[in-house]
Amino acid sequence: MFETINRVKPGLKKLVAALRETYPYASVLAVADDSRSWGVSRSGTAISTPGMGGAGYVVRVFDGTGCAEYSFNEFSEERIPEIASTLARRLAEQAGALEGIAPLPTPVPADEPAALKKETAYRIHPRELGDEAIVERVAALRKKALAYDERILDAQVRVSYRAYRKLFLSENRDLDQTGMWTTAAIVAMASRGQEIKMSYRPFSVLGGAEVLDEADGGVEKVCADVLELLDSQPIPPGEYECVCDPETTGMIVHEAFGHGVEMDMFVKDRAQAKNFIGQYVASPLVTMHDGSAVEQTATAFFDDEGTLTGDTVIIDKGVLKTGMCDALSAARLGVAPTGNGRRESYERKAYARMTNTYFQGGEATAEEMIASVKDGFLLESPDSGMEDPKNWGIQCMVTTAREIKDGRLTGRIFSPIVLTGYVPDLLKSVTMMGVAPELSGSGFCGKGYKEWVKVSDGGPYMKARIRLG
């Protein structure tokens, strides 16, 4: 399919030109996709092709009042009249459904000239390495974990990759990108008597099978963590001084100011952040970015609507500056799109979505933060989270809280942890920010309960006052 895009490109240009005879704006996105996963556990070896995005096309037109799209997985020039007819019918159906109702204004998107052809780098292509070699490496990681301690009951190791090519064409744009990300995950389970604990550690690169080297270096940490959890106890609920590791900082970034500043939520009036643009919502130590100024699994050179990506500063020294915007929401809000229009696949609509989202680094070290805590915790290994953009509440799960007393780690472990709070209160309580941000891109993010896209998040070590339970 990667080469198919070259073959059909002249016909796709003719499609855009034909549609422009009727509409003030037309575009087409072509997607080629290749993905594969390898896993080894007690139940055996599994190799699968999950089909994370699929290969196909989506065409979009604006007529000055509405917008219509049509997706398909086969294209030839002979289909151009059929595609044009389908789009015309859909626009007519929309107009009929809205009869008597004033539609939202939908200005025609800007279409400034732009051309690029880029690809992300990798060291080892998983397909070139081959199934047999990857399974052998994955099995060796599992064997290494099982040999760590007799209390390790089982270990599961999984590796996944996706390579894709995307071509975006409009009257004035010709954009072509090829990318690849690869992730790995190690899960270790340990027991003491009837008690069983589990530890999980993800690894991710904007690249290829070189992620296996990173995973190899993390096996012992996963095993040591799960054995420590055997001695963990429930945490006394309360508000504490907390030092967050970069992954926990990333979860807070993602949940606190992730979906809440996706600006399609502003159009629907479902996010409180809409009313706080230009105001302090965090400590002056907090600066938040989203975009492709860093390299992780969500890096792209343009989004699925043909908007070039860059670095969007969401919060600047505590002040909420803007949100993340897709082209359609941008048109309706009268702002410029930020390159955050993303589709789960060519068959799904574009939404405003996060990409690489993170807090900027500061000047403190993790050791200085811990030394400054009189009574609190070092939070590590986030599990999951959720937010309420309308009311700005946040609730997250963290696996490990390491007790800090008078500036020293006591060795006591608490687990599991529920982290809650009102977002501005939590972020305004930040008093120290670490030097170097770190990002992790092992997971996906859904819009509600669906529309899954690859994201990464992170930041530096961060000190804040947080409610735990």
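The lining of the largest cavity divides into no nonpolar, nine polar and one charged residues; here Ala, Val, Leu, Ile, Met, Phe, Trp, Tyr, Cys and Pro count as nonpolar, Asp, Glu, Lys and Arg as charged, and the others, Gly among them, as polar. The model is predicted, so that local features need pLDDT of at least 70 and side-chain atom pairs count only at pLDDT 80 or more, while totals for chains, interfaces and linings use all residues. Residues are numbered from 1 along each chain as its sequence is written, and side-chain values use heavy atoms, with hydrogens and water left out.

**The cavity**

To display this lining, select Asp-290, Gly-291, Ser-292, Thr-309, Gly-310, Thr-312, Thr-338, Gly-339, Asn-340 and Thr-355. On a 1 Å grid over the protein atoms alone, a cavity is a set of points where a 1.4 Å probe fits but cannot get out, and a pocket is an open set with protein on both sides within 12 Å along at least five of seven lines; lining residues have an atom within 4 Å of a point. Points are joined across faces, edges and corners, and a volume is the space filled by probe spheres set on them.

**The largest pocket**

Next, select Met-251, Glu-255, Asp-383, Ser-384 and Gly-385, which lie nearest the centre of the largest pocket among its 50 lining residues. This pocket holds about 1200 Å³ of space. Strand E16 (375–388) is one of the elements that each supply at least two lining residues, as are helices H6 (219–229) and H7 (246–256); helices (H or I, at least four residues) and strands (E, at least two) are DSSP runs, numbered from the N terminus. E16 provides the largest share, eight residues. By class, the lining has 17 nonpolar, 17 polar and 16 charged residues.

**The second largest pocket**

Move to the second largest pocket, of about 490 Å³. Gly-66, Cys-67, Gln-94, Leu-98 and Arg-332 are the closest to its centre of the 21 residues that line it. Helix H2 gives the most to this lining, with three residues.

**Helices H1 and H2**

Finally, select H1 (residues 2–20) and H2 (residues 80–97), which pack at about 40° with axes 10 Å apart. Gly-11, Lys-14, Leu-15, Ala-18 and Leu-19 of H1 meet Ile-80, Ile-83, Ala-84 and Leu-87 of H2, where contact means heavy atoms within 4.5 Å. By class, this contact has seven nonpolar, one polar and one charged residues.

Definitions and conventions:
Axes are lines fitted to C-alpha atoms, for helices over the stretch in contact, and angles run from 0 to 180 degrees between N-to-C directions.
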